[in-house]
There are 2 protein chains.
Amino acid sequence: MTNQAEKFYNSHLKLSRHCAVLEGINKVMQWDQETCMPPGGATIRSEQLQTLAGIIHKERTSKKYISSLSKLIDIETGEIKHDELSPAKKAAIKLWRRDLLQQQALPNSFVKKFAQLTSESILIWRNARKNNNFEEFAPYLDKIVEMNQQKAEYLGYDQHPYDALLNSFEPEMTTEEVTKLFNSVKKSMSSLLKKINLKKQPSDSFLHGKFSEKKQMEFGEMLIEDMGIDTDHCRIDFSTHPFSSSSHPSDSRITTRIHPTNFISNILVLLHEGGHSQYEMGLPEEHYGSPLAEAISLGIHESQSQWWEAKIGMSKPFWKHYLPVLRNTFKGKLDKVTLNTFYKAINKVEPSLIRVEADEVTYPLHVIVRFELEKALIEGTLEAKDVPTAWNHMTEELLGIVPENDRLGCLQDIHWSLGGFGYFPTYTLGNMYAAQLFEKFEKDHPDWEKHVSRGNLEFIKEWLHKSVHKHGRRYSSKDLIKKVTGKKFSEKAYINYIENKYKELYKI
Amino acid sequence: MTNQAEKFYNSHLKLSRHCAVLEGINKVMQWDQETCMPPGGATIRSEQLQTLAGIIHKERTSKKYISSLSKLIDIETGEIKHDELSPAKKAAIKLWRRDLLQQQALPNSFVKKFAQLTSESILIWRNARKNNNFEEFAPYLDKIVEMNQQKAEYLGYDQHPYDALLNSFEPEMTTEEVTKLFNSVKKSMSSLLKKINLKKQPSDSFLHGKFSEKKQMEFGEMLIEDMGIDTDHCRIDFSTHPFSSSSHPSDSRITTRIHPTNFISNILVLLHEGGHSQYEMGLPEEHYGSPLAEAISLGIHESQSQWWEAKIGMSKPFWKHYLPVLRNTFKGKLDKVTLNTFYKAINKVEPSLIRVEADEVTYPLHVIVRFELEKALIEGTLEAKDVPTAWNHMTEELLGIVPENDRLGCLQDIHWSLGGFGYFPTYTLGNMYAAQLFEKFEKDHPDWEKHVSRGNLEFIKEWLHKSVHKHGRRYSSKDLIKKVTGKKFSEKAYINYIENKYKELYKI
């Protein structure tokens, strides 16, 4: 009987692995599109990606696939058919079913129409942003909202249509929970920001200016290696918008960009994308093809990148070790900068208009603006045409500044044009996961600062691996946090972390 | 009735285009493997490529595909079912049938076994070459020969089993024809080589030494643009073995390598690979998905690369324009080198052991050694273990030199380990096609030297486009040559070209 169950499992794994291989190919093609592809190849690339996506969808919902999964679980009720299977395998089977139901929920005609709309919208959005003219984009945003509302109905939800959208990126998270978490964060960060605004700002002029690109990259590559990333399995390139992409745990790619006047930007980007890559490279290869070798959610992914970028890369012990290395790299440029001055400069808090350039304190406020607008759009209490006014109003309320134009306001992000409603909250959820995990990490490694200040980072990777990476998707975000930290997931660790760090920095 | 035929055609084109898109993805993945892929990604890449190849094979031989093709042509007899279709479409339909029969001829089990054998053999060959030990490779070569003999039986042939293998790379070419052509070439080149060997060699020391890699690439990129290649659709990278790869006429990639001590090597490689890319980029996009947008054969492909590398890139008018540019690029290094000296140096003829480094006169002799050995192996008159002796014997006979070891002899090429019997002859066939086409080109453009010596190359691209590229696979190699030049394909133009050029160079 056990043998039979294992046989069924392995047989389904084989089908799923076949799809995973195709998904890996898709990743390489997408990476190539952003890094290498000659610009004239864009049209055929879009056809290539659509063709692949079509094949994957077809295979993931084929009769053969469903019938093989049905031998493991009752697709309708979700009841596992073989109690003797390991808990990990049972978790995998449940996730296979979840994914299948999600794939089946959206009619093919809807998926095609949605893809068509977003591929038009992205071009319209690009132009609208260039022309600083939201009106060009508004009718498309209206359609995107409408299709997202429809998507929510197809996917189904208990309480709020936004739940269904959120779930595509952050399974098992509800709009109600996020609203509660974000309200608490909003209160704390706004209040902290008001106090910081009264304080004297640190000097950070030494971060700006011309720094050799080659040396920036040498330093960044050293950090990637110090993080414990095996460069036999990972490469670094440039792209307009940095990202990380893995076609398999054994083949991961990071991209970065050189900021024209701020050398710290590239370093933090590399740590950030390195965190994403390390997660993908740490997924258990032996389960490749099953959800046990997949990432949990965008939020958990973001927790890994934020971990390396902010918790480590913007910490004092880190720079205790690396500032001398940096001084040596850019000879003469940072000789007079002390550790304290440097630490204060890279953690400077200042309300600004662009989300991707925001600091740790104001970043969540940018996310909250978007989350609340998305929710209102999906609820139908806000129309696309009124987004600029609402955006500017909320930005003023939360950040105390108003965008001079929509390019610096509601036209700045690509996400809506891509149809990705429910995506933004995962950034801040990621920060929260990271903070709660870090609290436990500090308990497990009370002397972490000592190690890091000696340039020893490998133990961090090991901790993340055993706590997060190796489990794949076995647990939901919330369950993983509970399992690792022993506490229910909440915003507390995050707020504590931010308040402690920045009250000390700004002497509040 | 016409509408119905067109409907059937378009419907089959749609299926075929779907496969072509997947083949294009395969090309990007292979390109990535050689240029970008982290070394640790090799295992999963092999699975990715095999998975794609499997899907393509399945789709190209599916019931749906066959049934749709059957509406256009009788698969068994080859009779076209709709006389009202255009000649081009009829040609496409016949080629679809040809490809289908080839795909169907090989049983799946055979294809898998063959792929397994060659993927092992390539590793064994690499080691054997490294260890300079042919005995390690011999048993694998035996198996490869055996499977190629079997492949020939599956594919079928009229006269010689080698015909079937040759046909995979050069359709409609027979062993008998190639033997005859090559015997004539062998005679001429051997006799010419003997005469050259008695002459004083030109000095070419100025070609060697250290030349800035950056400047080499700048010069090479300028040539690519001068050839009329649109860099919006083509990129250049480095790889161990240079190649050209196109996933679509709108996305082509060239790779090159910098020779450590000879700057002319990289220039000629870029012209060569540029010729391949120009062919692929010139295939008619409007027919994409049908054989009318595919290359004819490896031989015709090679004619395009040889055209740019040798006919143009090693000609005097070319360097009349570019030598001054080169002098300016490598300031001080070539100031004293006259056009004549330069022209003689880059066309120096000298028997050597390595095929890929051979000059125009000795290159075909290297190919003939391989062709005759392949033929004997397939006929069963030669055993793998006796290859080194036979190789050395023939090399001595044709080139007058004997390899000191097998690394410089029969272990130098990768082709056999890949299972590619029938591939080598296409190099020399390509030279012959190029020469016969060039004869016609000279008639059409009697003042070509004047234009080229002014750096005007675009008219060459235009001639190649209208004569070769735009036809796709509509004609066979031999038919194309006949159609363009008005003469039956023969070795004459090739022998004339080589003899005239080198008799003048060596004052024979």
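1. The side chain of B:Ser303 reaches the backbone oxygen of B:Ile300 at 2.6 Å. This falls under polar contact, a pair of N or O atoms within 3.5 Å; within protein, one must be able to donate a hydrogen and the other to accept it, and residues adjacent in sequence count only if both atoms are side-chain atoms. B:Ser303 sits in helix α11 (residues 298–312) of chain B; helices (H or I, at least four residues) and strands (E, at least two) are DSSP runs, numbered from the N terminus. B:Ser303 has a relative accessible area of 0% and is buried, where buried means under 20% relative accessible area, exposed over 50%, and partly exposed in between (1.4 Å probe, protein chains only). Not counting residues up to four places away in sequence, B:Ser303 touches B:Gly430, B:Tyr433, B:Ala434 and B:Leu437, contact being heavy atoms within 4.5 Å.

2. On the basis of the values: this is a predicted model, in which local features need pLDDT of at least 70 and side-chain atom pairs count only at pLDDT 80 or more, while totals for chains, interfaces and linings use all residues. Residues are numbered from 1 along each chain as its sequence is written, chains are lettered from A and ligands numbered from 1 in the order in which they are written, and side-chain values use heavy atoms, with hydrogens and water left out.

3. How many residues of chain A are in contact with chain B? There are 36, and they meet 36 residues of chain B. Between them the two chains bury about 2700 Å², with 63% of it on carbon and sulfur atoms; buried area is the accessible area (1.4 Å probe) that two parts lose on being put together, summed over both. In chain A, the residues that lose the most area to chain B are A:Ile25, A:Pro38 and A:Ile44, together 18% of what that side buries.

4. On the side of chain A that touches chain B, at least two residues each come from α1 (2–35), α2 (42–60), β1 (234–238), β2 (244–248) and β3 (251–256). The largest share, 11 residues, is supplied by α1(A). By type, that side divides into 15 nonpolar, 12 polar and 9 charged residues; Ala, Val, Leu, Ile, Met, Phe, Trp, Tyr, Cys and Pro count as nonpolar, Asp, Glu, Lys and Arg as charged, and the others, Gly among them, as polar.

5. Over all chains the structure holds 46 salt bridges, and the count between chain A and chain B is 6. A salt bridge is a side-chain nitrogen of Lys or Arg within 4 Å of a carboxyl oxygen of Asp or Glu. One of those between the chains pairs A:Arg253 with B:Asp32 (2.8 Å, N to O).

6. Another salt bridge pairs the side chains of A:Asp251 and B:Arg45 (3.4 Å, N to O). A:Asp251 lies in strand β3 of chain A and B:Arg45 in helix α2 (residues 42–60) of chain B, so the pair joins two chains. A:Asp251 counts as buried at 1% relative accessibility, and B:Arg45 is buried at 0%. A:Asp32, A:Arg45, B:Asp251 and B:Arg253 are joined into one network by salt bridges that share partners.

7. Within chain A, A:Glu372 and A:Lys186 form a salt bridge through their side chains (3.0 Å, N to O). The pair links distant parts of the chain, 186 residues apart: A:Glu372 is in helix α14 (residues 363–379) and A:Lys186 in helix α8 (residues 175–197). A:Glu372 is partly exposed, with a relative accessible area of 22%, whereas A:Lys186 is buried, at 18%.
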